[in-house]
Amino acid sequence: MALNAQITLSILAHETSAGDLSRTLRATPANYALSLGDGTGANQAQVVWSDSRTVSGPSETLNLSSLPDTRDGATVSVALTAVKVAYIRNAHATTALTVAGGPFGSGYTLPAGAAAVHADPSAGGMAATNVTVTGAAYDIVLIGEGTVT
């Protein structure tokens with residue numbers, strides 16, 4: 001199974017000044033795009049793992065070398081060896097989400113509704129070690145090098 005991924009982040013902010021007779025509009029655009037082809041080098045990846053999760057208990061730990069998944073009706077395991085793109089979104093309306101480890105480094109807190117994206121398309125990518133999540137509900141997508149068995 002070959003992988004091709006397109007990651008696009010776009011921000012367009014408009015500010016309007018409040019003048020007496022005239023108003024000005026200031027537009028601030030920022031764009032980021034990354035294409036990943038199939039493989040194990042720079043700008044390449046092999047597998048994607050994603051899930052919408054509810055944390056049972058105070059926290060949960062994701063072992064990135066053995067992530068359960070279902071593909072084509074079969075139960076499989078995704079083993080990441082390097083992470084090229086990590087996306088996480090706090091899906092809870094009021095509870096903060098704390099994430100640490102692996103591609104998320106020493107960790108940080110996402111307020112309700114917040115999201116974070118990390119990308120490292122270099123040949124080595126980001127660490128594929130355990131990730132600990134504390135909070136209520138979240139969506140996560142990990143793209144990287146590894147296998148599906």
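## Exercises: cores, salt bridges and a loop proline

In this predicted model, the largest nonpolar core has 23 residues, and Leu 64, Leu 80, Ile 88 and Leu 142 have the most contacts inside it. A nonpolar core is a set of buried Ala, Val, Leu, Ile, Met, Phe, Trp, Tyr and Cys residues joined through side-chain atoms within 4.5 Å. Buried means under 20% relative accessible area, exposed over 50%, partly exposed in between (1.4 Å probe, protein chains only).

Residues are numbered from 1 along each chain as its sequence is written, and side-chain values use heavy atoms, without hydrogens and water. Local features need pLDDT of at least 70, side-chain atom pairs count only at pLDDT 80 or more, and totals for chains, interfaces and linings use all residues.

**Exercise 1.** Count the salt bridges, then classify the partners of the Arg 26 pair by accessibility.

*Solution.* A salt bridge is a side-chain nitrogen of Lys or Arg within 4 Å of a carboxyl oxygen of Asp or Glu. The count is 6. Arg 26 pairs with Glu 15, with the closest N and O atoms 3.8 Å apart. Arg 26 sits in strand S2 (residues 25-38) and Glu 15 in strand S1 (residues 5-16), 11 residues apart. Arg 26 is exposed, at 54% relative accessibility. Glu 15 is partly exposed, at 45%.

**Exercise 2.** Describe the Glu 60 salt bridge and its network.

*Solution.* Glu 60 bridges to Arg 53, with the closest N and O atoms 2.8 Å apart. Glu 60 is buried, at 13%. Arg 53 is partly exposed, at 21%. Shared partners join Asp 51, Arg 53 and Glu 60 into one network.

**Exercise 3.** Locate Pro 121 and list its contacts.

*Solution.* Pro 121 lies in the loop between strand S10 (115-119) and strand S11 (131-134). Pro 121 is partly exposed, at 23% relative accessibility. Beyond neighbours within four places in sequence, its contacts are Leu 34, Leu 36, Gly 41, Ala 42, Asn 43 and Lys 84. Asn 43 is 78 residues away along the chain, yet the two C-alpha atoms are separated by 4.8 Å.

Note on methods:
Helices (H or I, at least four residues) and strands (E, at least two) are DSSP runs, numbered from the N terminus. Contact means heavy atoms within 4.5 Å.
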